[in-house]
Amino acid sequence: MIDIPEELAATQALYNGDKGREFITALPALVDEFLERWELRPDGTALHGVAALVLPVVRRTDGTPAALKLQLLDEESVGEPVALRRWDGDGAVRLLDHDPVTHTMLLERLDSTRMLSTLPGTRDAVLVIAGLLAHLTAGPAPAGIRRLGDIAQAMLDETPAALRRIPDPEIRRTVADCAAAVREVAGEPGDRLLHWDLHDENVLASDRAPWLAIDPKPLAGDPGFELWPALDNRFEADEITWRFDAMTDVLGLDRARARAWTMGRLLQNALWEIEDGRAVEDRQLEIAHRLRTPGA
């Protein structure tokens with residue numbers, strides 16, 4: 001029997017309501033099922049994020065250390081095993097086994113005590129992220145992965161109503177500018193396999209590679225849509241331009257298109273905030289302001 005972290009139970013109830021509570025209730029039995037099915041034994045304290053429980057385990061057959069990941073399936077996580085199989089360990093954690101019914105995954109064990117966020121220099125961390133993205137976005141997405149083009153069109157459809165709910169004229173203008181930027185590139189959304197959420201707490205150290213990505217929310221689209229998390233995480237206003245230029249250099253991206261898709265991430269975040277009745281965060285508006293400034 002494992003102890004379910006209270007924080008995971010609270011976030012599941014907050015974000016997923018009854019479905020989240022049912023998931024938490026079923027977790028102990030689900031863990032037991034997969035420990036038996038995949039011949040695993042627990043090997044440490046369970047970890048968790050907002051959505052998933054991750055239990056360190058060892059394969060009883062050969063002593064291989066691994067991580068058992070259990071999470072409630074949603075539109076963002078549904079493509080995770082597909083993407084991990086496509087990457088096959090090149091820049092990302094390796095998938096060892098997967099149950100398509102429960103979405104339970106057995107993953108390569110990485111060093112959870114050494115996130116990329118432990119690097120003292122944010123510039124070094126940004127360059128690591130850019131290097132990982134160069135691997136992860138190198139090939140086309142497999143069939144069935146949700147597509148950036150569909151997401152972009154949905155955002156543009158939602159924007160007029162959302163703008164009417166923004167009382168501040170300057171913020172309303174910024175969100176409208178983001179929508180205009182997305183409209184310019186929406187006709188060519190790209191087809192690369194994207195991680196979508198690669199920031200320095202989704203990068204862990206490994207014995208076989210210095211750093212590897214975890215927890216993808218896969219998309220098929222333009223790699224310019226990947227830059228936002230590294231601009232927003234460990235936010236420093238005066239570093240925005242450097243980070244944007246460094247990542248576009250490493251990835252070989254057209255800066256105008258990358259800027260437009262990065263503005264699209266602010267639009268996406270703003271629409272979520274407006275839907276939930278919250279204000280758009282100041283730091284996110286600052287990123288958009290810096291990217292609109294000539295020379296950014």
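Predicted model: local features only at pLDDT ≥ 70, side-chain atom pairs only at ≥ 80, totals over all residues.
Biologist: Why is Arg208 called partly exposed?

Modeller: Arg208 has a relative accessible area of 37%.

Biologist: What makes Arg208 and Glu108 a salt bridge?

Modeller: A salt bridge needs a side-chain nitrogen of Lys or Arg within 4 Å of a carboxyl oxygen of Asp or Glu. For Glu108 and Arg208, the N to O distance is 2.6 Å, so the pair qualifies.

Biologist: Why is this pair said to tie together separate parts?

Modeller: Glu108 sits in strand S6 (residues 105-108). Arg208 sits in the loop between strand S9 (203-205) and strand S10 (211-213), so the bridge links parts that are 100 residues apart in sequence. Helices (H or I, at least four residues) and strands (E, at least two) are DSSP runs, numbered from the N terminus.

Biologist: Is Glu108 buried or exposed?

Modeller: Glu108 has 13% relative accessible area, so it is buried.

Biologist: How many salt bridges does the structure hold?

Modeller: The structure holds 26 salt bridges. One of them joins the side chains of Lys69 and Glu80, at 2.9 Å from N to O. Lys69 belongs to strand S4 (residues 65-71) and Glu80 to helix H2 (residues 80-87), so this bridge ties parts that are 11 residues apart in sequence. Both Lys69 and Glu80 are buried.

Biologist: How do you know that Arg114 and Asp111 form a salt bridge?

Modeller: Their N to O distance is 3.9 Å, so they pass the test. Arg114, at 41% relative accessible area, is partly exposed. Asp111, at 26%, is partly exposed. Elsewhere, salt bridges with shared partners join Lys69, Glu80, Asp215 and Lys217 into one network.

Biologist: What makes helices H4 and H5 roughly antiparallel?

Modeller: The axes of H4 (residues 148-163) and H5 (residues 169-185) come within 10 Å and cross at roughly 155 degrees. Angles over 145 degrees count as roughly antiparallel, under 35 as roughly parallel, 65 to 115 as roughly perpendicular, and the rest as oblique. The angle is over the cut-off, so H4 is roughly antiparallel to H5.

Biologist: Which residues of H4 and H5 meet?

Modeller: Contact means heavy atoms within 4.5 Å. From H4 come Ala152, Leu156, Thr159 and Leu163, which meet Arg172, Val175, Ala176, Ala179, Val182 and Arg183 of H5. By class, that is 7 nonpolar, 1 polar and 2 charged residues. Here nonpolar covers Ala, Val, Leu, Ile, Met, Phe, Trp, Tyr, Cys and Pro, charged covers Asp, Glu, Lys and Arg, and polar covers the others, Gly among them.

Biologist: Why is Gln12 called buried?

Modeller: Its relative accessibility is 1%, so Gln12 counts as buried. Gln12 lies in helix H1 (residues 6-37). Leaving aside neighbours within four places in sequence, Gln12 contacts Gly17, Gly20, Phe23, Ile24, Val50, Ala51 and Leu72.

Biologist: How do you know whether Leu35 is buried or exposed?

Modeller: Leu35 has a relative accessible area of 11%, so it is buried. Leu35 is found in helix H1. With neighbours within four places in sequence left aside, its contacts are Leu40, Arg41, Pro42, Leu55, Val57, Arg60 and Leu68.

Note on methods: Residues numbered from 1 in each chain as written. Heavy atoms only, no water. Buried < 20%, exposed > 50% of the residue type's maximum accessible area, 1.4 Å probe, protein only. Axes fitted to C-alpha atoms, helices over the stretch in contact; angles between N-to-C directions.
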